[in-house]
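Q: I would like to learn how to read a model like this one. Please take me through the features in turn.

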Amino acid sequence: MSFQSFGLAYDVPAYARHVLGVLEAAGYEAWVVGGWVRDALLSAPCHDVDLTTNALWQQTESALVAAGVEVHETGTAHGTVTAVFDGKPIEITTYRTEGSYSDHRHPDEVTFVRDVREDLARRDLTINAMAYHPERGLLDPFGGRDDLARGMVRAVGDPAKRFEEDALRVLRAVRFAARLGFRIEPATQAALVDWVAGLRDIAHERIGRELTGILRSGRVSWALMSQTPVMVEAIPELEACVGFDQQTPYHAYDVLEHTARVCRGVEEFTGGIASDELRWAALLHDIAKPRTFTMDENGRGHFYGHPKVGAQMARTIMHRLAIPRDLTRKVCALVRLHDRPTSMRKRSVYHEMMELEELCPGEARSLALQLTDLKRADAVSKTPSAASYAVELDRIEALQRRLIAGGVCLTTAELAVGGGDVIREMGVKPGPQIGVILRDLLRQVSNGMVPNERDALLDRLRQMSGV
Ligand code: ATP
Ligand code: MG
């Protein structure tokens, strides 16, 4: 039988067949399992291949090494080694079940078992609990293939028990539903909400990884609105946004719904390929609104300083979730500037780019365009009257692109003259004075007083020294 007859879009890649063949030639049983099988059934791009086998990891290692395959001991406590063949890694794990989970996150013990079905039964979702073998075909004891066809995320076995064992599965279920655009089966959904508090016992960085997956699905707006308790448990600062009435004529939605709309907006404006920084910034841009809310004597709400406080909160949240520092820095810069109006003048656009450069050295050009997408998504997610700002932003973006294409100068290092020129033309001695002069030149360039051209700048230096 061929892979097509099992509904797979492609066959197991040759390097993985080789490794699987080596194990079986040594007398063991092995299957491709998990994400590769799911994605091959979905015709999604080919996923990394994971194998599961009845060989103990030591047996796997010696069989593969004897056949000249490189092996790394990457997780032997859980029965996992990683083979590398043809330059490609394959994780191989012994069939196992997990004992009780007294802490709701780590199995108290891992037990190796003889039957692949027992291994499939410990997996989280039916769509992730299938095994495939090039000759023996698809092994699908929990109806994963049907669930894929009907677009359904369903827990393997009793959902309450599975979420109680390991609360990270709550977030994983939401991540897979978001990524695949699937519905969550009703009993799984009910159990997921019942056990959401278990996420408090889960290591923050694991939550951060799943949240990153949800953001990268491009459907975090769905997660915010349809899985609110899960998102609030993952980022407790979101709780205050739920139902928070902004009391201003500019906002038709509460902070949570506005946030969800902005998240959807950045996907629309980028054609679904928003960067990580833009996605995180959309999610967190108004996180400080509840905290900075004040009401004036006319009963109108204000949020003075919310971008600044929001950037601080974004830093705290992302640090807690162990999100990489350089990504966090970009997100904080976008949150910090998201509410600053830019006028349609070149100078204003230029200065915004310089400010971004100060907040995130080397990133200003890309961040400036992304900031415009964030502002645009923000504008169309307020009231219809605020949406006209989005049209202005089109013109601002055109100015940004023209500046970038024209080689905009954002730092003293990008000036067409350097410290040596200052010393020569002005007769100043090496020292901090040089930096002061170069920064002054940069200010003049950014204000349009002089172009960033060598001759013009040399002239300007001579004028400045009064020669
Ligand atoms: P992707 O890596 O594309 O997100 P994947 O299916 O490979 O998808 P992983 O997180 O790499 O997902 O996990 C590999 C497999 O291990 C899953 O398909 C699932 O069968 C199982 N698995 C992972 N985490 C859990 C968990 N917390 N509880 C139960 N089974 C799990
Ligand atoms: Mg994986």
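A: Start with the surroundings of a ligand: a residue is near a molecule if one of its heavy atoms lies within 4 Å of it. By that rule 14 residues surround ligand 1, and the closest are His-47, Arg-169, Arg-172, Arg-175 and Arg-179. This is a predicted model: local features need pLDDT of at least 70, side-chain atom pairs count only at pLDDT 80 or more, and totals for chains, interfaces and linings use all residues. Residues are numbered from 1 along each chain as its sequence is written, chains are lettered from A and ligands numbered from 1 in the order in which they are written, and side-chain values use heavy atoms, with hydrogens and water left out.

Q: Which polar atoms lie close to the oxygen atoms of ligand 1?

A: A polar contact is a pair of N or O atoms within 3.5 Å; within protein, one must be able to donate a hydrogen and the other to accept it, and residues adjacent in sequence count only if both atoms are side-chain atoms. Arg-123 uses a polar side-chain atom, 3.1 Å from a ligand 1 oxygen. Asn-128 uses a polar backbone atom, at 2.9 Å. Gly-35 also uses a polar backbone atom, at 3.5 Å. On its own, ligand 1 has 580 Å² of accessible area (Shrake-Rupley method, 1.4 Å probe), and the protein covers 75% of that area.

Q: Is Thr-94 buried or exposed?

A: Buried means under 20% relative accessible area, exposed over 50%, partly exposed in between (1.4 Å probe, protein chains only). Thr-94 counts as buried because its relative accessibility is 1%. Thr-94 sits in strand 5, residues 88-94. Strands (E, at least two residues) and helices (H or I, at least four) are DSSP runs, numbered from the N terminus.

Q: What does the side chain of Thr-94 reach?

A: The backbone oxygen of Ala-55, at 2.9 Å. For contacts in general, look for heavy atoms within 4.5 Å. Beyond four places in sequence, the contacts of Thr-94 include Trp-57, Phe-112 and Asp-119.

Q: Where is Asp-86, and what is its phi?

A: Asp-86 lies in the loop between strand 4 (80-85) and strand 5. Its phi is near 60 degrees, a positive value in a residue other than glycine. Asp-86 counts as exposed because its relative accessibility is 58%. Ala-322 also has phi near 60 degrees; that residue is in the loop between helix 15 (306-320) and helix 16 (325-337).

Q: How many helices and strands does the protein chain have?

A: There are 22 helices and 13 strands. Of the 467 residues, 53% are buried.
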